[in-house]
Amino acid sequence: MLNPAYDLDAVRRKIPILRTHIPMNNCSQAPQSEATRAAADAYLTSWAQDGMDWDTWITETEAARREFAAFIGAHVDDVAVATSVSQATSSIAGGFDWTGDRRKVVASGGEFPTVGHVWLAQERLGAEVEWVPVRDGAIDLEDYARLIDERTLVVSACRGYYQTGFKQDVSAIAELAHAKGALLYVDAYQTLGSERFDAPASGADIVSSGNLKFLMGIPGIAFLWVRPGIAERIRPTVTGWFGRENPYAFDEARLDWGEGARRFDTGTPPIMEAYVARAGMGWLREIGLDDIEAWNAELGRRCVDGALARGLTVLGPHDSSRRAPTTAIACEDSNRVEAELRANKIIASARGSAVRLAPHFYNTMDDVDRALDALAAAMGPT
Ligand SMILES: Cc1ncc(COP(=O)(O)O)c(C=O)c1O
């Protein structure tokens, strides 16, 4: 496959930075598109011209909630609007009862640290956290099977591992969790937008994601999906007036709960971010997630094959069906190499002793080849 099913040139014209740079850092921050720029401008214009237009702004936040729901095949009332994955996960974790026999969290060692920290913070309330080890940049299902038991309240398993791009089999983990009566929490931040993901069909019970990576958005907003029937079992302690049945009841002495996952909303929503998030997700859906996923698989394969052909070491599994578009290349002085690539207008992402190349639907094969050439040159003889 030499080209995606959509018009790649037309797509590229809508991302201004492509005129001067090769962005390959979607595992960290997506580039700005015309759509997201226009969305941010729409908010700024409204604020400048109207001073205050809360009805429109809140309507826009609801539209972003609806867009995220559509993006993951879910109902709008099963989605909460948050300001970060950390906050969304805290709203969930703080709402469990950690005093019963079922108080164990089985968390993958591939969780982004923030998610691990949220589970660890519950230890003061009685939670016990056990870790599923990462081996060679991947995680074995057998390790989940070994650790999940009748005392497990929740299993925490990211869909994509931020370090190596390794993708976990959510349905298989869900089966293991449910067989022992545990819930499955999935952080989909490193994959959502790069592939089609149907949350209700995945088997997960709770799914979170922010928007600044493959969803083509900005920091300051995140979403949380909770399977119908489960939200009502969780009583958040991280809460606020937007989590109420009627946020405008203004009754400080009454703590009721919004419908479905709305109970996990907290304070004033991230409005400008909601404008941008909706535009980013809407553009991806317009292009088509199946076609984006297919092209990302090609780009990922090219990254792995090209890195190996240049004598570089690729971390994690090499098989494209088990990876996000992110490819991690072992590199001891990754920050220096990232800076050198940036000086050549190639944006990569250093993380620990690896440089990650994370292309997305707008990248070409030539982008990948040029990034790998520059990376190999910056690293010197291996
Ligand atoms: C998989 C994953 N989860 C969570 C986060 C951070 O989430 P937040 O800063 O929204 O709390 C990141 C950030 O890079 C991430 O890659």
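Modeller: Two strands count as paired if DSSP finds at least two bridges between them. In this predicted model, strand S9 (residues 327-330) and S12 pair in the antiparallel sense over four bridges. Within that pair, Ile-329 stands opposite Val-355 in S12.

Colleague: Which strand is joined to S12 by two bridges, and in what sense do they run?

Modeller: In general, strands of a sheet pair through backbone hydrogen bonds, either parallel or antiparallel. Here strand S11 (residues 349-350) is joined to S12 by two bridges, and the two run antiparallel. Ser-349 is the residue opposite Arg-356 in S12.

Colleague: How many residues lie between S11 and S12 in their hairpin?

Modeller: Three residues separate S11 from S12 in the hairpin, and Gly-352 in the turn has a positive phi of about 60°.

Colleague: Which way do the residues of S12 point, and are they buried or exposed?

Modeller: From S12 (residues 354-357), Ala-354 and Arg-356 point one way, whereas Val-355 and Leu-357 point the other way. All of these residues are buried.

Conventions. Residues are numbered from 1 along each chain as its sequence is written. This is a predicted model: local features need pLDDT of at least 70, side-chain atom pairs count only at pLDDT 80 or more; totals for chains, interfaces and linings use all residues. Side-chain values use heavy atoms; hydrogens and water are left out. Buried means under 20% relative accessible area, exposed over 50%, partly exposed in between (1.4 Å probe, protein chains only).
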